[in-house]
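Subject: Structure handover

Hi,

Here is the structure we talked about. Please load it and keep it open while you read on.

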Amino acid sequence: MAGRMPDPGFFVGYLNSVPRPLAIFLVVGAAVLVGSMAGLAFALGTNVNDPGDGTFARKLGKQEMSGILVENPYPILRVRPDAKNPEARTVMLTVPGKRSVKRRGRKLFDQLVDVKGFMFQRGDIDMLQVQGKNSLKAVEVAEGETPPEFTPAPAESLGRWRLIGEICDSKCHLGAMRPGDGLAHKACANLCISSGAPPIFVTAEEGAVEGETFLLMANEDGGPLPDHFGDYVAVLVQLEGEVERLDDLLVFKVDIDATKVF
Amino acid sequence: MSVRYAPVGWNRNKIIYDVVVLAAAVAYILLFIKIAPSFQDVTKPTSGAILRAQAFGTCAFLMLTFILCIGPLARLDQRFLPLLYNRRHFGVITCAIAFTHATHVVSIYYSFSPLNKYVAVLASNTSYDRFLGFPFETFGIFALFLLLVLAATSHDFWLRFLTPPIWKAIHLSVYVAYAAIVCHVALGSLQAKQSPLLAVIVGLSVVAVTGLHLVAGRIERQKDRDTAESADEAPWVVAGHVDSVPDGRGIVVPLEGGERVAVFRYGDKLSALANVCAHQNGPLGEGRIMDGCVTCPWHGFQYRPEDGCSPPPFTEKVATYRLKLDGRRILLDPRANEPGTYVEPVRVTEA
């Protein structure tokens, strides 16, 4: 289909020559396309939400701690104070991937255990990712030695609270993903929580409860949240319930029926 | 035009077209994931995998917006017609970018759980009964499915196999895909953004696509309203004036019932063909005479004006129409002949 163009303004794709005025127009158009895409990339790429300071603190190295492994509402470690960390702490636990510690710890709940792993940290809340061989095991006592004793402090009630904020999965929000919140992350958060990651409540107002923004969630009886609570994840909700302090960790025991979505 | 199906009938213009589209996509993605993060006002940077998913997702949306603007722009200004020529490659590249976005999202958000990652895509959020929190991923999956179907059937083999009307109908679903992507973005990323920039860009994109289509459609409807008047003698209608048809070009004559006929002048001859190209329904009347053939402005398919047949070895055919002259008036018989029917051209004498 070779042939001469009858008109300088007519473009036929399979003919390699392009009329000059049209060629100039197309070169300008191509530059506008590439330039506008570059401009939009820069504009959209710089206009992002601040995902916070959550981080997987691998550079801190592998952490070792011992304490009482608690199953409910979600696996936590009531850390036994030692010379290095004299203050009592409570640390949420996770394992690599979207999985629960429950399976690995099923025979160790309410026992004194040694735990190794890496920390997730956001603000003053942290979480230990149990990782590696023999990283969760009962405290070993050498023959002839007295088994160490440790009784965590009882939960301290902080009263009933009505709070506004967002339900997130602790692992992503504390640094497995940035951002680890919001509706774009809802399905991931649901999957993490249903797979056993502890859900946390992030208050809309910073430091809303005794200066704390992050609260581990539980149902009214102190057990895990019901499955249908996934509908309320990642949206702005108002929750009511009792808040308890476990060392440095707050637990929000929510009244499921009082949940409101904004 | 082709009688055998090659994977891609490359030529210089197609290569240049693809290079420009790829340059735009690569510039977008590299700027988004390599340069822009240095200018973000954040405590800690967005995770790399999420940034890549955002880059590919927004790039696919913007590219699809450009693609959908090409059609009406070409109707409004013929200088945009070359963008139509290789638009299918633009579409396939866009589909590949959308697919990359989806694979990133699945590997970030849905992997590493006891549930199969593809099952998790559909099962992890089932809040279909509410607006905020609606599983916007469903719209994305649906749009990606349509884009994959369109990309897979974009080759001329499928055009021939399915026939142009069916192929065209299938490929109009690109608008459904675009609507689904807008819903996907509106119920997902837009709800999570604190800055209104993305909302503004999505809004302007939708306004551009719908606005250009409405304006182009209105102009087309106005043209269709000016149907050819009946001549004194039935069934002839007045197609125009000899002097209104420039040599080597055509005029488009709208008929009652919505049909359009292309009347071409080439030297001292006039012939009439259906205005719709057999390839992709391009407007033949806006084409030119090249090598003695009517040449479609969209992809350069050619037809002999006397019989509506593509020159050998090509086999495409369009309907022809009878013409006659009444002084300087061109009269047209609005009854279409079978595609490929020879009709003796009308001879024009100089006024």
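This is a predicted model: local features need pLDDT of at least 70, side-chain atom pairs count only at pLDDT 80 or more; totals for chains, interfaces and linings use all residues.

Domains of chain A

Chain A splits into domain 1, residues 55-138, and domain 2, residues 156-261. Taken over C-alpha atoms, the centres of domain 1 and domain 2 of chain A lie 19 Å apart. Domain 1 of chain A puts 21 residues into the contact, and domain 2 of chain A puts in 24.

Now look at the domain 1 side of that contact in chain A. Four strands of chain A each supply at least two residues there: S1 (55-57), S4 (89-94), S5 (112-122) and S6 (125-130). The largest share comes from S4(A), with four residues. By type, this side of domain 1 of chain A has eight nonpolar, seven polar and six charged residues.

B:Thr227

Next, go to chain B. B:Thr227 sits in the loop that runs between helix H11 (197-225) and strand S1 (237-241) of chain B. Leaving out residues up to four places away in sequence, B:Thr227 touches B:Pro254, B:Leu255 and B:Glu256.

Is B:Thr227 buried, exposed or partly exposed? B:Thr227 counts as partly exposed, because 17 C-beta neighbours fall inside 10 Å. A buried residue would need 20 or more, and an exposed one 12 or fewer.

One distance to check: the C-alpha atoms of B:Thr227 and B:Tyr175 are 30 Å apart. Along the chain, B:Thr227 and B:Tyr175 are separated by 52 residues.

Best wishes

Note on methods: Residues are numbered from 1 along each chain as its sequence is written. Chains are lettered from A and ligands numbered from 1 in the order in which they are written. Two residues are in contact if their C-beta atoms, placed from the backbone, lie within 7 Å. Domain bounds come from an automatic or database domain assignment. Ala, Val, Leu, Ile, Met, Phe, Trp, Tyr, Cys and Pro count as nonpolar, Asp, Glu, Lys and Arg as charged, and the others, Gly among them, as polar.
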